[in-house]
Amino acid sequence: MVLQQRKLGIREYVSISILMAGAKATEDTPTMLYKGVQNAAWMIPILAAGIFFIPFLLLNKTLLLYQNKDLFSVIVKLLGKYIGTCVCLLIFLISSIGISFDTRTYTNIVRTFYFPTTPTFVIYAILMAVCAYGAKKGIHHIGSVSYLIIFYFVIFFCIALMLSAQSSSIRAMFPILGPGPFKIIKDSVRGLSLFADFFLLTMIIPFIRSRKEVRKGTWISYLFITFQLSVAVLVYICLFDTSLGTIGYPFHTLIRFISLGSYLPNVEIIFFVIWILSAFIRFTVFLYINGMMFGHIFKIKDIEYLIPALAMIYLLIGSMPESSIEIAQSKLVVIAAVGPVFTIISVILWLAAVLRGEFKHAKNRNSM
Amino acid sequence: MQKTGIVCKGLLFLVVVCLLTGCWDRKELEDRSYVIGLGIDKSEHKGEIKVTMLLANPEVGSMQGGGGSTEKPREVISFDVNDFIAAKGTANAIISRKISYEFLRIIIVSEAYAKEKRFVNTIMDTQMDKEIRQNTYLAVSKENASDYFLENKPKMETRPHKYFQYMVDHGIENGMIPDSTLFRYFKTLERGTDLYLAMYTTAKKDKNPKSRTEDEYMAGEVNASGELDDTQFIGSAVFKNGVMINKLSGRETRIVNILDDTTDIKDILVDFPNPFSNKERNFAARIMKRENNKVKMNLKRNKPQIIITIPLKVEIMTNPSMVVFASEKNRRIIKQRIISELKVLNEKFFRKSQQELKGVPYPLPLYARRYFLTIQEFEKFNWGKSFLKADIIVKPEVEIIDYGKQPTKPLKVGG
Amino acid sequence: MMKKTILNMLLKKFNTEPHFNEKSNQKEIDLKGQDISRNYEDNLEIFKSIFSVPKNTDVKVREFTIRSLDRRAFLIFISTMVDIENIQETIIEKLIKSEQPSGRIQDITSYSMEKTATNIGEITELITGGITALFIEGYQECYLFETTKTRGRGIEKSENEVIVKGAKEAFNEKVIDNIALLRKKIKNENLIVESQVVSKRSRNDVFLIYQKDLANDEILENIKDKLAALDTDKILDLSILEQYLEERPRSLFPTILYTERPDRAASFIEEGHIILLMSNSPSCLVLPSTFWAMLHSPEDHYLRTPYGNFIRILRFMAIFIAAFSTSFYIAITNYHVGMIPPDLLMAIAGTRERVPFPSVIEIFMMEIAFELIREAGLRVPSPIGPTIGIVGALILGQAAVQANVISPIVIIVIALSGLSSFIISDTSLNFAIRISRFLFIFAAGTMGIYGATSLFIFGLFYLVSLESFGTPYFAPMTPHFISSKDLIIRHLPFTERFRPGYLKPKDIARQRKG
């Protein structure tokens, strides 16, 4: 009786989005940013956030017109059945490839740094099994668990970054403009993919309690993520200087390096634990959203049983590349495509809404 | 009821499987042998290196009163291999347990090998093995590393890692040796604009060491006698592009450590020539660096100018001339002397770095980057060449915070 | 849906219920459906046969003549359940000795609490409950007097939930005393004590206690429906009722709170929860309950705020240590050796050299030994209690270390985790943590910290989905509800303004802002 009425509150929504998008600072994304613009890489999240701000605002406005409809329903409604379904399918495919490669990347990280001789498949299977179980439980429970974890994640992340200040020098930030302003802007456009997660998060709007909470929550997490990504990349630059281009996973190298004095030389396990917790939540939400997308496209109501099947498929796709280098190359292609595609879709949606006069209809509805 | 049965049986099965198979990475604690120090030497065979491993014996000093074991605290083995990662496998032919680099503290390279170009390749291997951590110390030894480990027999520390831990920590605090970790080595290598300092050590004392002032020694020159272990850690080796080119004495290393803001230098004890009389002993002073240096650069002109201001706090520890410091004049004299002494030392050092070393052994170019807007401009400036003709002025800012106990003339006995 | 029926069909084929012959009880059931007759002899016969007098030695039938009405009458009661003196003074004496010519029975006897009944089944039930029945010749009805006096312990100190500062009374087996303990804490006319009979043979009654203007009606209805739907012969004890009522009886974690302290029960009533009491159970059930309710102890509130918070934080640390310390130890020493400071590593490795077993087996053995000692310590008779403690803990451990069967660090880790688990005062949660500790050991032994963390997240997802009568397990932290914010840190009493929102009480503010 209480379950059906219960919706996600703003706390759970913000925790989910922070854990989902914030994990980007802990994998190989900073290295890829650095390769493009060297030591101005910390500006890219801020600039990309600025560029993505307008399309995102438009997207939010369009979606908030329709209360309790998620992204896919809105796309189908605005663009018509056939074009809409094609667009939805495109989004689903991009997201599936994204999740397969991401899970494989994380598995590689765990295997490289902590379990060198364990077969990749075992680590991968455990990751997908736990995420599938979590996703089966439903978004409310995922939200609850993320709210439980979020504070510890943020606190320990900050502690890790602060401990690295012992050996870092803030002067590595200079020269400020890096390779030149034009290249920075060019790379910011490529960096739009950092915020692709927010695009996907709009799928869970119908589960949130009220429109006000959606709006407030989205902007809070948007700002926070921008800030977090920027600060994290800045800290990596200050610590690693020019070596950042060759270090594959800066967060893990960082936690292996910091120490709490000479009697407790290595404290990486604590940070590893919270990193793994955030990774689990991230893929659980991803799996759930993908399940929802799939269910929407093929009109399946009960997605609970879909999710383990989807998880299995992603596991198989992710096991296809043999080593991490192949993944990195494929990821470059995907990432270059994702950002602009999502931006364009947001703008198209807004244009379609304007052209069909939906805004005027909404005003009339509200004023009636 | 039936569902519980199935779940229970499944869980039991899983548990049994977990205990028997699985655990690919599981290795019992005592099943491993921990390498504390690694030595790298030139090998007579072409293309190979001679690797020396210092292994720790955990049993010694473990049981409180119940041990009394007669085993030695460490084991040293040397052999020729291709690289020290494959050496882990070869060593198992001699060592009974599985070799692990988890606790590697220090890598010692012989001077002869550090001067070769192949050294860079060899050291790059440390980035590939995940067990070796980036905060491992790198040191250069005058003789072969294999001999170094054999001769190094600390008399008071039972466990080898403790010895190295204490020696290195206190040496860095004192400023006599640089903070040379693998992390800094690779950072410097990839930055390419400055030089890297590694610790200099030896286990063989020089035959007839000259006697110098407190910190002008290099490793092996300190003439200490008694019942002690002969290993000395003082001075540094200079690396350019990853290969060793020169050596610095303890005093010069101290200067670098004071100039460098990222080292962990604590208080250092030095002495100054006595400004009040030439015949008496030097003053002893304690120098404390509590703030960062201020560097101002003027790089637009043809001859770049670098002005470094070093804030120091000084405590006068001894008073061999029995000078009364209550008088303003005396205070001024000693302050001026300290400032001029430091200025001379620093500028002499910079001249050496411009002419002999052809580079600066600490990350000074980081300060220069502030003055440029883009990386291209900085590269056009070409720090490497510009530094050689730069005009470097050092201004020590000294605050004498304590003069010590004021002397009183002793009364003569018997009138 | 379909999947479940196929599975059930398959399983039914393999597990068939055993055949048994049953004797029909129809005659007795019919008899109980009738009313009593006016005939004196008939009634006597019927009731003597129902109660198997004189075989049943403590069922007493007292025949006499009522002087004022000049009729024969008999009293039937179970002597071990009634207050015999009271009956003798107020009923029998008055009836035999009264000289007023007429009058109703109610005026002759001076016993309080009296009612009438006609149905044989109903009267039988009431007699077994300790009520005295009076049958008068020629009267259609029978008079019933509530003379129940159960025997049991007095009100004693709480043994399982010990606190230093605060009331020390505990519930006992007499439900009258328990209700009295609650009434004297909440002197409010809205405190309702409802009773319901739940089993068929033993006819145990369950008392629901709640505040009419605070508790939520839906939850109340839910509980009453559940109680009414119970279809069993006996429910002897409240703990068994707990298992009948739980939604997920096989889960590792409890969803109903079981406490033996009346002050805890009173504070829960005051928040809007519902309490269940049963006779012969020195405890009560609190529904609905959350994870936090089981962790908190009343002492947190009785002590001053800084001390209470200190104890609370200590308890949270204790839960983590109890659940994770052994698995952390295994994960670190087997998989992530680099984490240990080098001196500690040398110490551990040095002492482990001569030990024959791998770490996981060692830990496992010592955990089982510790649990054995713990259970033995609970049940040992008190004269030799302390001796066993010394023998078990010290000598066994010391001897094992000296014989090089186990290493000393394992003893430290096990002792630490065992002692921390004692800080959790709720019995069910205690067991839950202890059992999950074993699961964590297996997970950590298999995949190190990765395995332990995966199991942790798995467990978190499972816990979050547990519900106790519609209330999520971790409310009010996640699904956020208005509450007094008394979860991890306890605030000053005058800042705890709201009742828990997940109970949807009718009056949510405890105190007005003033």
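The radius of gyration is taken here over C-alpha atoms, and the globule rule is 2.2 Å times the number of residues to the power 0.38. The structure is a predicted model. For the 368 residues of chain A, a compact globule would have a radius of gyration near 21 Å. Chain A has 21 Å, so the value agrees with the rule. Along the principal axes, the C-alpha atoms of chain A fill a box of roughly 70 × 45 × 35 Å.

Chain A contains 16 helices and zero strands. Of its 368 residues, 52% are buried. Sequence separation was examined for contacts in chain A between residues at least 6 apart. Of these contacts, 83% join residues at least 24 apart in sequence.

One helix pair in chain A was examined in detail. Helix α6(A) spans residues 81–113, and helix α14(A) spans residues 306–318. Their axes come within 8 Å. The crossing angle is roughly 65 degrees, and the crossing is right-handed. On the α6(A) side, the contact involves S96(A), I99(A), S100(A), F101(A), T103(A) and R104(A). On the α14(A) side, these meet Y314(A), I317(A) and G318(A). By class, the contact of α6(A) with α14(A) has four nonpolar, four polar and one charged residues.

Chain A also touches chain B. The contact takes 25 residues from chain A and 26 residues from chain B. On the chain B side, four helices each supply at least two residues: α6 (160–174), α7 (182–191), α10 (365–368) and α11 (375–381). Helix α7(B) gives the largest share, with five residues. By class, the side of chain B that touches chain A has ten nonpolar, six polar and ten charged residues.

Chain B is divided into two parts, domain 1 (29–259) and domain 2 (267–410). The C-alpha centres of these domains of chain B lie 31 Å apart. Across the boundary, 18 residues of domain 1 of chain B are in contact with 21 residues of domain 2 of chain B. Two elements of chain B give two or more residues to the domain 1 side, namely β8 (232–240) and α8 (250–259). The largest share of that side comes from α8(B), with six residues. By class, the side of domain 1 of chain B that touches domain 2 of chain B has seven nonpolar, five polar and six charged residues.

Phi of N382(B) is near 55 degrees, a positive value in a residue other than glycine.

Chain C is divided into domain 1 (26–146), domain 2 (175–289) and domain 3 (308–468). Taken over C-alpha atoms, the centres of domain 2 of chain C and domain 3 of chain C are separated by 35 Å. Twelve residues of domain 2 of chain C are in contact with ten residues of domain 3 of chain C. By class, the domain 2 side of this contact in chain C has seven nonpolar, three polar and two charged residues.

A cis peptide bond joins V53(C) and P54(C), with omega about 0 degrees. S52(C) lies in the loop between α3 and β1 of chain C as well. Phi of S52(C) is positive, about 55 degrees, although S52(C) is not a glycine. S52(C) is exposed because 10 other C-beta atoms lie within 10 Å, and the cut-off for exposure is 12 or fewer.

A cis peptide bond also joins A475(C) and P476(C). Omega is about -5 degrees for this bond. P476(C) lies in the segment after β12 (471–472) of chain C.

Key
Residues numbered from 1 in each chain as written. Chains lettered and ligands numbered in written order. Predicted model: local features only at pLDDT ≥ 70, side-chain atom pairs only at ≥ 80, totals over all residues. Contact = placed C-beta atoms within 7 Å. Nonpolar A, V, L, I, M, F, W, Y, C, P; charged D, E, K, R; others polar. Buried ≥ 20, exposed ≤ 12 C-beta atoms within 10 Å, placed from the backbone. Axes fitted to C-alpha atoms, helices over the stretch in contact; angles between N-to-C directions. Left-handed = near helix turned anticlockwise from the far one by under 90°. Domains from an automatic or database assignment.
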